[in-house]
Amino acid sequence: MWKYRSKFVNIVIVCFIFNLFAIDSFASINVPEYLKIGLEYGSSALPRVDLGSDNGFEIGILKEGRIEKFIELDETKLTAKNEESIYYIKIVQDYDNIQEALSVQQKLEENNITSFIFYDGNFKVYIGSYLDQNNAQNYKNEISDDLSDFNLEVVSSDYNFVQIMDGNNIVFMYDSNKEICIYPKVGIMTIKGKKYRGSAVFKRSDNNNMTVINRVNLNEYLYGVVPREMSGGWPIEALKAQAIAARNYAIMNMGKYKKYGFDLTDDTFSQVYGGYSSEHPNSNRAVDETRGQIMVCDGRVVSALYHSNSGGKTEDSENVWGNKVSYLKGVEDQYSLGYPHDNWSVNMTKDDIQKKLLENKVDIGIITDVKIEELSKNDRVIKIKFIGTEGEKEYTKDSTRTILGLKSNYYDIVKAQGSGGTEVFYIYSTEGNEERSDLSNVYAITSDGIEEISSNTNIYLIGNNDTRQLNLGGVISDKYTINGHGWGHGLGMSQWGAKNMAEQGFSYEDILKHYYTGIEIQK
């Protein structure tokens with residue numbers, strides 16, 4: 001996947017609509033200190049996840065934005081996994097604080113009884129884990145005499161629990177509805193072998209696999225975003241502009257994935273986030289030197305959309321997704337010219353186009369023509385019509401690119417003229433049969449009256465087995481050449497344009513004010 005491409009694909013357009021155009025409802029938005037980033041969720045949720053830390057781990061609970069530490073572990077490798085046991089032996093009493101539970105655990109160890117702490121809002125001490133209730137009951141009976149100071153009972157699982165394992169031993173278990181965080185004592189941790197700052201959070205619902213979340217400080221999150229959205233080797237002023245745009249995006253999209261228990265994903269459905277493994281010294285510097293800075297317009301936080309290359313002009317928001325936003329106005333952008341994807345060309349046949357429509361459950365028969373019906377003032381296609389033997393279909397705004405899988409909607413279409421000899425056919429009239437290779441001075445009776453037929457007229461013969469298009473005045477090709485400009489939706493900042501501006505000596509403020517009309521940078 002190319003690093004600098006537009007991060008918005010067709011499936012995420014709907015996700016943006018609320019966040020982009022609901023902003024006028026907010027007078028101000030608080031800048032979050034921490035974000036929760038979904039690493040695995042939904043169909044990609046996992047039954048187990050390996051964790052690593054060179055300096056050991058701590059486990060705590062998130063309360064009012066701060067982590068309250070429960071326990072420390074010296075182990076450098078842990079595994080978080082779905083609870084697989086059904087029965088446990090439990091000390092009957094519950095405990096209000098972790099110290100009381102740890103004290104009980106120590107007494108059990110003095111009797112060579114291995115135990116672990118379970119948390120569901122209260123602290124509990126469990127002994128063993130069993131798939132069979134009889135085995136649990138038998139062991140309870142066996143140890144009861146040695147543990148006469150404690151009342152024991154066999155309990156069953158209520159599901160949605162997560163076990164933290166050291167090898168084959170459970171070191172901690174909890175109800176994943178609680179905000180439990182696992183984090184390194186010092187430094188960086190690994191989640192699935194990849195390095196991250198912050199902490200790991202695991203959520204389960206309906207006894208499904210674990211949603212894997214990285215809870216991380218906002219600026220440390222940006223450390224992992226900026227070099228994935230823009231090369232860390234690019235000029236520092238371009239990186240600063242990207243850092244502020246990414247910060248604005250994160251603020252405006254907080255909670256977009258609330259139903260999964262996190263704020264943003266780590267992929268192109270949000271912003272690409274690679275964690276500590278992706279950090280670059282230059283982009284970290286850009287984040288640090290713009291710490292706390294956000295774009296605002298009329299006192300409100302800007303939803304800072306960006307894309308790879310404008311192709312020479314950006315676009316008005318209403319011509320992409322329908323609503324007018326004052327700071328997302330099309331601007332001339334010569335800075336994006338001469339860089340990758342400023343110009344491109346794609347060849348498609350009518351069969352190719354028909355397949356694209358069928359993939360979107362649109363069947364209008366054999367494609368007979370494709371017409372650009374309307375351009376925006378910035379020369380982007382905002383209405384296109386596909387004409388087939390069984391009907392027509394129009395697409396508007398950003399769907400004029402996504403339906404064909406194009407890089408942008410800044411394009412024109414050239415119908416190929418074809419090559420080779422002309423096609424011979426016959427005209428049957430009251431004056432006899434005449435062999436022709438063109439239809440000059442020929443008229444047809446249609447539902448709209450009598451019309452003169454020219455070499456540009458599409459005429460079809462319907463036979464028993466298929467429908468055939470006549471070649472009038474020469475061989476008619478079924479190919480289209482689409483000549484386009486830029487990559488992405490064309491709203492807001494062009495990343496390649498930002499690079500060029502920075503190389504020419506413009507500051508990050510100059511860059512942002514060029515691409516976002518009427519904004520100010522709040523420091």
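Because the model is predicted, local features need pLDDT of at least 70 and side-chain atom pairs count only at pLDDT 80 or more, while totals for chains, interfaces and linings use all residues. Residues are numbered from 1 along each chain as its sequence is written, and side-chain values use heavy atoms, with hydrogens and water left out.

Helices (H or I, at least four residues) and strands (E, at least two) are DSSP runs, numbered from the N terminus. Arg285 counts as partly exposed because its relative accessibility is 41%, and Glu289 is partly exposed too, at 38%. For these labels, buried means under 20% relative accessible area, exposed means over 50%, and partly exposed lies in between (1.4 Å probe, protein chains only).

Elsewhere, Glu68 pairs with Lys63, and their closest N and O atoms are 3.5 Å apart. Glu68 has a relative accessibility of 38%, so it counts as partly exposed; Lys63, with a relative accessible area of 41%, is also partly exposed. Glu72 and Lys69 form another salt bridge, the closest N and O atoms being 2.7 Å apart. The partly exposed label applies to Glu72 because its relative accessibility is 45%, and to Lys69 because its value is 40%.

Attention can now turn to the inside. Rolling a probe the size of a water molecule over the atoms shows where empty space is left. A search of the whole structure finds one cavity of 30 Å³ or more, and the largest cavity has a volume of about 30 Å³. On a 1 Å grid over the protein atoms alone, a cavity is a set of points where a 1.4 Å probe fits but cannot get out, and lining residues have an atom within 4 Å of a point. Grid points are joined across faces, edges and corners, and the volume is the space filled by probe spheres set on the points. The lining of the largest cavity consists of Ile353, Val370, Leu404, Ile413, Tyr480 and Ile482. By class, this lining has six nonpolar residues, no polar and no charged. Ala, Val, Leu, Ile, Met, Phe, Trp, Tyr, Cys and Pro count as nonpolar, Asp, Glu, Lys and Arg as charged, and the others, Gly among them, as polar.

The backbone has points of interest as well. Most residues other than glycine have a negative phi. Lys361, however, has a positive phi, near 60 degrees. Lys361 lies in the loop between helix H7 (350-359) and strand E22 (367-375), and Lys361 is exposed because its relative accessibility is 78%. Lys397 also has a positive phi, near 55 degrees. The loop that holds Lys397 runs between strand E24 (391-396) and helix H8 (399-402), and Lys397 is partly exposed, with a relative accessible area of 29%.

Finally, some residue pairs can be compared along the chain and in space. Val216, in strand E16 (residues 211-217), is buried because its relative accessible area is 0%. Val216 and Tyr34 are 182 residues apart in sequence, and their C-alpha atoms are 5.4 Å apart in space. Glu394 lies in strand E24; Glu394 and Ile384 are ten residues apart in sequence, with 5.6 Å from C-alpha to C-alpha.

Terms used. On a 1 Å grid over the protein atoms alone, a cavity is a set of points where a 1.4 Å probe fits but cannot get out, and a pocket is an open set with protein on both sides within 12 Å along at least five of seven lines; lining residues have an atom within 4 Å of a point. A salt bridge is a side-chain nitrogen of Lys or Arg within 4 Å of a carboxyl oxygen of Asp or Glu.
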